[in-house]
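Me: I would like to go through this model term by term, asking on what grounds each label is given.

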Amino acid sequence: MVQKFGAKFGFHYPHDRHVLTFDAMINQSCQEQFILLGFSDRPRLESILFVFVLIFYLVTLVGNIVIILVSHLDPCLHTPMYFFLTNLSFLDLCFTTSSIPQLLFNLGGQDKTISYTGCAIQLFMFLGLGGTECVLLAVMAYDRFTAICKPLHYSVIMHSQLCWKLVSVAWSVGLLNSLVMSPVTMKLPRCGRCQVRHFLCEMPALIKIACVDTVAVESTVFILSVIIVLVPLALILVSYSYIALAVMRIKSASGRRKAFNTCGSHLTVVSLFYGNIIYMYMQPGHKASQDQGKFLTLFYNLVTPMLNPVIYTLRNKDVKGALKRLVTRK
């Protein structure tokens, strides 16, 4: 009976006593690949999204590459602030590239599958780069705090060795987050369930298709989210509290304006990134609806990295001046 039923679906069973059941074959196939449902329930939306995602992705690539090149080529931008900004732009490039090409592939055709290895790599990069950005934004806030609150000692405090150490800590935290959570998530039993109701292999979506009690895993995710998300956010808020007090003491209007312009860009980026992250990951059980989760993930995975170069360029005279110098030099 099982052999006949399996034959209809192209499965061939050996004629010995070690016969695989049909469920076992499904489990085996789901261990080899996943199906990313994404927006497949809305075919018209898929074609529209393909165009918008492609345009946003290209703008993201161009914008962040320009920031990296300008910061590297212009000697005036060889400062700690632009060293951290270069790391943020490189991180955003990796962040979007880890999932957007796969999304474009799925939106542009009928094939919605992703291999098990591809899914594991995508999850590993997504968790690692997300954790790195949380800490890196806190590092950038500390840099602004030092520049405004301790301007006379800035060059002494923010020396190149400290900058490299702070960046190394940020990337190490992201790597540790991936090493802890990726294997736990991928090894969850799924009992043949391989349809992921998302456009990427994100941790909450993979946890939802598990066929075992996931309370312990979700509790671990929540605790790690508190450490990786809220601790850096608390440091950012403390830094900007001191910055606000220091700015209020500045007597000249031009000095206050310069300080607000410098910090305003970073605060805008922090608000965009942390707002989505907190809503997505700081809810026990992840109670956000599936549609909300997909669109919010798309926002902080594509729109935020695209806006970062725009925000830092439009509000920053140094970057605009460097761009003009490079253009006129050529």
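Predicted model: local features only at pLDDT ≥ 70, side-chain atom pairs only at ≥ 80, totals over all residues.

Me: Why is the pair Cys119 and Cys201 called a disulfide?

Reply: A disulfide is a pair of cysteine sulfur atoms within 2.5 Å, and the S to S distance of Cys119 and Cys201 is 2.0 Å, so the pair qualifies. The torsion about their S-S bond is about -125°, and therefore this disulfide is left-handed. The pair links distant parts of the chain, 82 residues apart, with Cys119 in helix H6 (residues 116–149) and Cys201 in the loop between strand E3 (195–196) and helix H9 (203–208). Helices (H or I, at least four residues) and strands (E, at least two) are DSSP runs, numbered from the N terminus.

Me: How many disulfides does the structure hold, and what makes the link of Cys191 and Cys211 right-handed?

Reply: The structure holds two disulfides, and in the one formed by Cys191 and Cys211 the sulfur atoms are 1.9 Å apart. The angle about the S-S bond of Cys191 and Cys211 is 65°, and their link is right-handed. This pair also links distant parts of the chain, 20 residues apart, with Cys191 in the loop between helix H8 (160–186) and E3, and Cys211 in the loop between H9 and helix H10 (215–249).

Me: How do you know whether Cys191 is buried or exposed?

Reply: Buried means under 20% relative accessible area, exposed over 50%, and partly exposed in between, with a 1.4 Å probe and protein chains only. Cys191 has 55% relative accessibility and so counts as exposed, whereas Cys211, at 26%, is partly exposed.

Me: Why is Cys149 given one label and Cys163 another?

Reply: Cys149 has a relative accessible area of 26%, so this residue is partly exposed, while Cys163, with 4%, is buried.

Me: What makes the span of helix H3 close to the expected one?

Reply: The expected span is 1.5 Å times one less than the number of residues. Helix H3 (residues 43–73) has 31 residues and reaches 45 Å from its first C-alpha to its last, close to the 45 Å expected. Among the buried residues of H3 are Glu46, Tyr57 and Asn64.

Me: Why is H8 called roughly antiparallel to H10?

Reply: Axes are lines fitted to C-alpha atoms, for helices over the stretch in contact, and angles run from 0 to 180 degrees between N-to-C directions. Angles under 35 degrees count as roughly parallel, over 145 as roughly antiparallel, 65 to 115 as roughly perpendicular and the rest as oblique. H8 and H10 pack at about 175°, with their axes 11 Å apart, and that angle makes H8 roughly antiparallel to H10. Residues of H8 including Val173 and Asn177 meet residues of H10 including Val217 and Leu224.

Me: What surrounds Asn301, and on what grounds is this residue called buried?

Reply: Asn301 lies in helix H12 (residues 290–314) and has a relative accessible area of 0%, so Asn301 is buried. Contact means heavy atoms within 4.5 Å; leaving aside its neighbours within four places in sequence, Asn301 is in contact with Phe95, Thr96, Ser99, Ile100, Phe126 and Leu200.

Notes. Residues numbered from 1 in each chain as written. Heavy atoms only, no water.
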